Each structure stands twice: as structure tokens, then as C-alpha cells.
Amino acid sequence: SAVLHHEGDDSDLLDLSTAPKPYSGMESYLLMFSPEKGLVKLLVTGVDIKTNRYGNEVQDTFAEIQTILVRSYGPAEKTYDLVRSGSLWTEPEDWMVGLAKHERTLASYWKLTTSPQHITMIVLEANALSSERGYINVSYEFEGFHEYIQSKKANAGKVF
């Protein structure tokens with residue numbers, strides 16, 4: 001099923017619950033379109049993952065998806081697995097709480113210069129809804145994404 005989001009007169013977001021070749025652990029596909037360039041971003045959101053406070057299942061799912069992405073796009077340019085300086089949530093059993101409070105990051109980034117699919121950036125990210133439930137996002141940015149965002153920002157400023 002598909003839901004078309006409207007922002008003013010624009011209809012640049014399309015929310016899908018499946019894809020032509022869906023990955024079993026994903027539940028939604030949000031597509032962003034530029035009037036000039038077509039598809040400029042795809043955000044894929046995974047199903048909720050029941051886990052423990054250590055985040056084992058979330059980390060395992062992240063690693064599984066990362067392996068699939070590495071097979072297709074090569075090693076990630078950068079992977080961050082860290083706790084923000086000064087965070088109170090530094091113990092292993094605080095892993096999910098730190099993630100939920102945005103004081104912990106688990107993310108990988110691929111910056112692509114040549115992609116037959118016109119992908120320029122891929123971001124794999126772990127997220128937490130609570131200390132016992134998380135999910136994974138994968139976002140794909142395509143050629144024209146940054147220009148599209150700049151034009152949206154410029155048009156937003158015209159309101160004043």
C-alpha cells in the first residue's frame with residue numbers, strides 16, 4: 001500500500017509498506033522526489049526489534065544488514081560505535097538507554113562516487129524506541145538530493 005504525503009501544494013513524499021524486492025526485516029519505504037531530478041532519497045525503516053538492555057539483537061541486526069551492504073557497495077567509509085563524552089549511559093547494560101537518549105551512536109556511512117543506481121550516500125543507523133525495543137534505518141541519497149534540499153530551504157525562507 002502507498003500513502004502520498006502533501007506539503008502545501010507539493011507531493012514530494014511517498015510512503016510504501018513494501019518494495020519490489022523487499023528485505024524481510026523492513027516495514028516501510030519513504031521515497032522523496034524532486035520535480036527536476038526524480039527520486040532523490042529513499043529511507044527504509046526496519047521492523048521493531050525486541051532486545052535486552054545491552055542491545056544485542058539490535059547490534060546483531062545492524063551487523064547483518066551492514067554485511068549485505070558491504071557485499072553490494074564495499075566497505076563503509078566510516079563506522080561510528082561510540083558514546084557521547086559526558087554521557088551517564090556508558091555501561092554495557094546502558095547500551096539501549098544511551099541509544100534512545102541520542103547519547104550513543106551506531107552508524108555506518110558509504111559515500112559513493114560511481115554508482116549505476118546514481119546513489120551518492122548510504123547511511124545505516126541503529127535506533128532505540130526504549131531500553132528493550134529498537135529498529136534499523138537505511139537511507140539512500142541519490143544525485144540531486146543536496147540541490148533539492150537547498151531549494152526547499154530557499155523556498156521556505158520566502159514565507160517571510
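Tutor: Let's look at the nonpolar core and the strands and helix around it.

A word on the model before we start. This is a predicted model, with residues numbered from 1 along each chain as its sequence is written. Local features need pLDDT of at least 70 and side-chain atom pairs count only at pLDDT 80 or more, while totals for chains, interfaces and linings use all residues, and side-chain values use heavy atoms, with hydrogens and water left out. Here pLDDT is the predictor's confidence in each residue, from 0 to 100. The protein has a mean pLDDT of 89, and 91% of its residues reach 70 or more. Over residues 1-9, however, pLDDT stays under 50.

Now to the core. A nonpolar core is a set of buried Ala, Val, Leu, Ile, Met, Phe, Trp, Tyr and Cys residues joined through side-chain atoms within 4.5 Å. Buried means under 20% relative accessible area, exposed means over 50%, and partly exposed lies in between (1.4 Å probe, protein chains only). The largest such core has 25 residues, and Leu69, Ile122, Leu124, Ile136, Val138 and Tyr140 have the most contacts inside it. Several elements supply at least two residues each, among them α1, α2, β7, β8 and β9. Helices (H or I, at least four residues) and strands (E, at least two) are DSSP runs, numbered from the N terminus. The largest share, 5 residues, comes from β8.

So what surrounds β8? Strands pair if DSSP finds at least two bridges between them. On one side of the pairing list is β7 (residues 104-111), which runs antiparallel to β8 (residues 119-130) and is joined to it by 5 bridges. Tyr109 is bridged to Val123, and Trp110 stands opposite Ile122. β8 is also joined to β9 by 10 bridges, again antiparallel, and a hairpin links these two strands through 2 residues. β7 has another antiparallel partner, β6 (residues 78-83), with 6 bridges, and Asp81 stands opposite Leu106.

Contact means heavy atoms within 4.5 Å. Not counting residues up to four places away in sequence, Ile122 touches, among others, Leu69, Tyr73, Trp110, Val138 and Tyr140.

Leu69 takes us to helix α1 (residues 56-73). Val58, Phe62, Ile65, Gln66 and Leu69 are buried in α1. These five cover an arc of only 110° around the axis (using directions from the axis to the C-beta atoms), so they lie on the same side of α1. An α-helix has 3.6 residues a turn, so residues three or four places apart point the same way. Asp60 and Arg71, on the other side of α1, are exposed. Gly74 follows α1 with a positive phi, near 85°.

Lastly, the loop between β7 and β8 holds His118. Its phi is positive, about 65°, although His118 is not a glycine. At 43% relative accessibility, His118 is partly exposed.
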